[in-house]
Every structure is written in C-alpha cells, then in structure tokens.
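This report looks at how the ligands sit in the structure shown here. It takes each ligand in turn.

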Amino acid sequence: MASKRALITGITGQDGSYLTELLLRKGYDVWGIVRRSSTFNTSRIDHIYTDPHWSSMSLRLLYGDLTDSGRLTQIVEEVRPDEVYNLGAQSHVRVSFDEPEYTCDTVAMGTLRMLEAVRRIVPKARFYQASSSEMFGEVAETPQTENTPFRPRSPYGVGKVFAFHQTVNHRQAYGLFASNGILFNHESPRRGETFVTRKITRAVGRIKHGMQKKLYLGNLDAQRDWGFAGDYVEAMWLMLQHDEPDDFVVATGETHSVREFLEIAFGRVGLDYQDHVEIDPRYFRPTEVDLLLGDPTKAREKLGWEPRVSFRQLVEMMVDTDLALAHWEAEHGEGRLAPDGLYRTRPAN
Ligand code: NAP
Ligand code: G4F
C-alpha cells in the first residue's frame, strides 16, 4: 500500500520539526512548506537530511507562503495530501501587537487560504488547525475546556479565533474532516529563543558560563499550562486518526508562573534567579493573559492522549540542553554553527 502523504505548513518551526519526525517514523511521505528568508531557516529539520537515521525517509520541502493563495493552491495540487497540518503562523503574541495586520494575514487569512485549497482540490483530506489557548484570553472560567468562551487579548489571539471558527465552518458547510487542536503552551529545547521559557533557559546557560550577567523580563506573575512539544504533536496526529472531526483541548492540567519557571531553571545550576533577573517594561504587553489552565479530559477520553513529560522535567531538559550549548559557544565563539545545526546569535528579546 502506498504511504500516506502529509503536508505541513510551518514545518521549520518547533512543532513542525517534532511532527515531521513523528510522521516519518510512522512511514508517511512528508511534504513541508518553507517560506523564503534571506538566511537559512531550516535548522530544526536539517538533521533529517544529514543524519543517517533519518535520511532514507521521505521528506520534501517546497517554497511557499501563507500570504500567497495561488502558491498554496499549486502546492496542494502537486502534493495531493491525505493529511494537512496547518502549523504556520506569526506565532509571537508580543510581536502581534507591533505587526497586527501581518499576524492576522498568516494566522487568520492563511488558514482560510489553506482550507479553501483543500476544499477545492482534496476535499477528502484531513485537516488539522493549530488553534491556541491564547484564544481564551481574559479567561471566562478556570480550567478552560472546549466549551469555554473565547475572549482574546491580542491581535494573534483574535486571528486564531477567526481561524478556529473558519475551520469549524468548513467542517459544517462542506463536510471537510477539519479539527482544531486547542493547544496550551508547549516548549522544548527547539523553542524559539524569544518565548519566555527558552529566553530563560538560554540565559541560564550563558550566565553559568560567564557570557551574560543579567536577564531582562516582563511580567513574572503570568501563569501558563506548560507542556512538552514532543508530546503535543502526538495529539495532533491522533486527532486526524479519530473517527470523526472535532475540537480538543491539549494541556497538562497544571499551571505555573514565570517566577516558578525561573526558580527551577536557575536552581538547576545552583543559582538564585533574583541575583540575575531585572524587569524591563518593554516586555509588558498592552493587554496580558494572566492565567491559562487547560482541562485535557476530552483528549484523554476520546483520543487516549496523555502528556508524558512533567513541568520539572521540561524545565530541566531545556536547561541541560542550553547549558551544553553555552559550553560549546564558550569554546567555539558565538554566532558559529553549533553541532545541532543551529546558527547562534544573541537573543534579541
Ligand atoms: P513557531 O516555532 O513560531 O513556528 C511557526 C512556523 O510558521 C515556522 O515554520 C515559520 O517559518 C512559519 N511561518 C511564519 N510565517 C509564515 C508565512 N507567512 N508563511 C508560511 N509559513 C510561515 O511556532 P510553533 O511553536 O511551532 O507553533 C506551531 C503552531 O501552533 C503555530 O500556528 C502557533 O501559533 C500554534 N500554537 C503554538 C503553541 C505553542 O505553545 N508553541 C500553542 C498553541 C498554538 P520560519 O521558520 O521561516 O519563521
Ligand atoms: O512565552 P510567551 O511569549 O508565550 P505566550 O504569549 O503565552 O504565547 C505562546 O503560547 C500560546 C498558547 O497559549 C501560543 F499560541 C503562542 O503562539 C505562543 O507559543 O509568554 C508567556 C508569558 C506571557 O504572559 C508574557 O507576558 O510570559 C510573560 N513574559 C514575561 N517576560 C514574557 C517575558 N514573555 C516573553 N516572550 N518575553 C519576556 O521577556
């Protein structure tokens, strides 16, 4: 039997890289859409071409952009996927206040463009939409479930609410197998360096190796339900194997503050975060999401999904990786290609 074909937007991102590995392990032909950039942006998936463990597997990349419907249509026509995972987005909440129009072009209109391409060309394909707990915004209740109303607090959150409803509407109006995963924050050593968790663990490594003294942050009281990205991509796949399309919260069911993250991360290397962290109001948001806590009961009962990595294990995994990275940088110099292929420069924010 021919392998199933999966098409991933956002394949170069954190989740795209873990999902690619998962699907390749399951025998899929994986196709990914990469947006053109002036520097290499494939560092999270380069190992799939270079590491003999992966290189015999079927991964193909095509240039495309969520803002270009003509190209998206052409790609869907060429690939004719069985499953589409729409992960591409300008995914940084703080940046979405600076670039609201571009954010919504990728997050909201980009999703509509992908849904329309699927509806017209491969209406039997299964579609996964990367919805977000950021949609709950100023939360109406705690914990948040699939029935909690959306009260978004950022242009990014507003765009994701549009994309969520558009996905549901394509399911209802055209019978598409289209599901929303409402994923709460999930992190990993591959997390972008300007999200708070990775910003902290990068700083811990650099401070421990004498390459940085201070870490400037915003709101330390924000609370998030943080899980491990490697666990969460499994939930995406399970949603598309389910017997019917539906919407699912994916979360750990625990919430922790940025401050707690700091305590464990600095504590891992024998430091006290209070000696190193300073508050810079630049990192405050015009409107903040104070607390997120998800209830993953439906995903557990209907998909058999459960998170495997605990909060402490996640923080320690990230610190340990960034400690090794800082050690390598201290020996070889910053801005050089590290062994994992990531090009290293100082995090900007
Ligand atoms: P990420 O690391 O920021 O990756 C985003 C991906 O989207 C990257 O591959 C990026 O390409 C691509 N992209 C950005 N603009 C694009 C455009 N105009 N056209 C095509 N591709 C574009 O995000 P992530 O953490 O993996 O998250 C994956 C998805 O889940 C996103 O939609 C995010 O909003 C959503 N989500 C994430 C979380 C979380 O906690 N991580 C929680 C809920 C929902 P480049 O590599 O070239 O930048
Ligand atoms: O790490 P963050 O930037 O993640 P945020 O805003 O929760 O968004 C992430 O999770 C969403 C799911 O809920 C995704 F949809 C979205 O794509 C993204 O992956 O910030 C977490 C918290 C915020 O409350 C923020 O105000 O940390 C606080 N924070 C404090 N200091 C900071 C900083 N955030 C960042 N990025 N940088 C800081 O210096």
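Predicted model: local features only at pLDDT ≥ 70, side-chain atom pairs only at ≥ 80, totals over all residues.

## Surroundings of ligand 1

Ligand 1 is surrounded by 26 residues, of which the closest are T12, D15, R35, S91 and Y156. By class, this shell divides into nine nonpolar, twelve polar and five charged residues.

Oxygen atoms of ligand 1 take part in contacts with both backbone and side chain: an oxygen atom is 3.3 Å from a polar backbone atom of G10, an oxygen atom is 3.0 Å from a polar backbone atom of Q14, and an oxygen atom is 2.9 Å from an N or O atom in the side chain of K160. Of the 890 Å² of accessible area that ligand 1 has on its own, the protein covers 91%. Two or more residues of the shell come from each of α1 (14-25), α6 (100-121), β5 (126-132) and α7 (155-174), and β5 gives the most, with three residues.

## Surroundings of ligand 2

The shell around ligand 2 holds 23 residues, with S132, S133, Y156, R285 and E288 the closest; nine are nonpolar, eight polar and six charged.

Polar side-chain atoms lie 2.8 Å from an oxygen atom of ligand 2 in the case of Y156, 2.5 Å in the case of R285 and 2.6 Å in the case of E288. The protein covers 96% of the 720 Å² of accessible area that ligand 2 has on its own.

## Position between domains

Because domain 1 (5-187 + 226-250) and domain 2 (196-223 + 255-291 + 310-335) both give residues to its shell, ligand 2 lies between them.

Note on methods:
Residues numbered from 1 in each chain as written. Chains lettered and ligands numbered in written order. Heavy atoms only, no water. Near = heavy atom within 4 Å. Polar contact = N/O pair within 3.5 Å; in protein donor to acceptor, adjacent residues only side chain to side chain. Areas by Shrake-Rupley, 256 points an atom, 1.4 Å probe, with all protein chains shown as cover. Nonpolar A, V, L, I, M, F, W, Y, C, P; charged D, E, K, R; others polar. Domains from an automatic or database assignment. Helix = DSSP H or I, 4+ residues; strand = E, 2+ residues; numbered from the N terminus.
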